[in-house]
Amino acid sequence: MSNDIIVKAVDVTKHFGNFLALDKVNLEVTRGEVSCIIGPSGSGKSTLLRCINLLERLDGGAIWVNNELVGYRREGDRLHEISDVEISQQRRRIGMVFQRFNLFPHMTALENIVEGPVQVLGEPARQARERAETLLERVGLADKKDHYPSELSGGQQQRVAIARAMGMQPDLILFDEPTSALDPELVSEVLDVMRDLASSGMTMIVVTHEMGFARNVANTVTFMEAGKVVETGLASEVLSTPKSARTAEFIKAVQ
Ligand code: ADP
Ligand code: MG
């Protein structure tokens with residue numbers, strides 16, 4: 001597999017009981033790419049991100065992240081399913097920003113960013129703090145470093161969550177509707193940070209209903225419906241001249 005392919009999902013299938021949430025989903029994301037996933041509620045977008053991030057186990061198919069088969073470890077020429085402890089090791093290369101701000105409520109903005117690098121990566125505290133300060137500056141929150149999440153707006157909390165993901169120096173960051181729980185006037189400050197991150201070359205998979213962001217920032221767009229990928233391609237093509245009538249209908253409805 002080419003080293004430039006960061007994520008490759010092949011025929012990913014996931015059931016919840018009898019319900020088929022992902023039906024042979026394929027996705028490929030190259031280094032530095034911004035890949036937007038769009039589609040109606042319940043189409044399997046979050047489930048796909050959760051499978052990439054090992055928050056769900058697959059029922060079929062396979063996912064590689066950075067040429068590593070997700071959920072498995074290679075020993076010689078054999079693959080072994082990995083334990084929960086090893087899962088957290090594999091997962092640390094992947095950042096995740098959720099719809100609901102999931103900062104640690106009892107930690108300040110700075111402490112939220114320092115926690116992972118120190119506890120998980122074993123980085124020296126001083127070095128982690130310095131980097132966290134730089135990251136807070138980058139997301140425009142240098143003056144809020146000692147604030148607790150409850151003292152920050154939703155947009156500010158989400159910017160801290162992005163800085164926290166970056167603090168782990170991940171290979172890619174997954175965003176699951178990062179602006180959909182925000183008051184409308186706070187959406188653009190978060191999208192601006194994401195745009196900045198994209199232009200710095202970070203590989204990003206972004207589930208979003210923000211068509212402006214998809215149009216201006218995404219390289220590729222994938223439209224999902226009922227657990228299936230209906231259409232995928234260059235953002236400019238999928239958004240302006242979709243091949244599927246369902247894609248066209250959806251895009252028209254969310255504009
Ligand atoms: P989306 O993010 O596109 O809105 P999801 O991936 O969250 O969709 O969900 C896809 C479908 O799978 C939905 O019908 C949802 O109800 C179902 N689903 C998701 N997670 C679970 C779960 N843990 N148990 C049962 N059903 C689930
Ligand atoms: Mg979702």
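Which strands does H1 lie across, and at about what angle does H1 run to S1? In this predicted model, H1 lies across S1, S2 and S4. Its direction is at about 120° to S1.

**The sheet.** Four strands form an open sheet in the order S2-S1-S4-S5, with antiparallel pairing. S2 and S5 are the edge strands, and each pairs on one side only. S1 and S4 pair in the antiparallel sense over five bridges. One of the residues involved is Thr13, whose bridge partner in S4 is Gly60.

| Strand | Residues |
|---|---|
| S1 | 5-16 |
| S2 | 19-30 |
| S4 | 60-65 |
| S5 | 68-69 |

**The ligand shell.** The residues around ligand 1 include Phe16, Phe19, Ala21, Gly39 and Ser41. Gly42, Ser43, Gly44, Lys45, Ser46 and Thr47 also belong to the surroundings of ligand 1. S2 and H1 (45-52) each supply at least two residues of this shell. H1 gives the most, with three residues. By class, the shell has three nonpolar, seven polar and one charged residues.

**The helix pair.** H4 (residues 125-138) and H5 (residues 154-167) pack at an angle of about 140°, with axes 9 Å apart. H4 is therefore oblique to H5. The crossing of H4 past H5 is right-handed. On the H4 side, Arg131, Ala132, Leu135 and Leu136 make the contact. They meet Ala163, Met166 and Gly167 in H5. This contact has five nonpolar, one polar and one charged residues.

How values were computed:
Residues are numbered from 1 along each chain as its sequence is written. Chains are lettered from A and ligands numbered from 1 in the order in which they are written. This is a predicted model: local features need pLDDT of at least 70, side-chain atom pairs count only at pLDDT 80 or more; totals for chains, interfaces and linings use all residues. A residue is near a molecule or strand if its C-beta atom, placed from the backbone, lies within 6 Å of it. Ala, Val, Leu, Ile, Met, Phe, Trp, Tyr, Cys and Pro count as nonpolar, Asp, Glu, Lys and Arg as charged, and the others, Gly among them, as polar. Axes are lines fitted to C-alpha atoms, for helices over the stretch in contact, and angles run from 0 to 180 degrees between N-to-C directions. Angles under 35 degrees count as roughly parallel, over 145 as roughly antiparallel, 65 to 115 as roughly perpendicular and the rest as oblique. A crossing is left-handed if the near helix is turned anticlockwise from the far one by less than a right angle, and right-handed if clockwise. Two residues are in contact if their C-beta atoms, placed from the backbone, lie within 7 Å. Two strands pair if DSSP finds at least two bridges between them.
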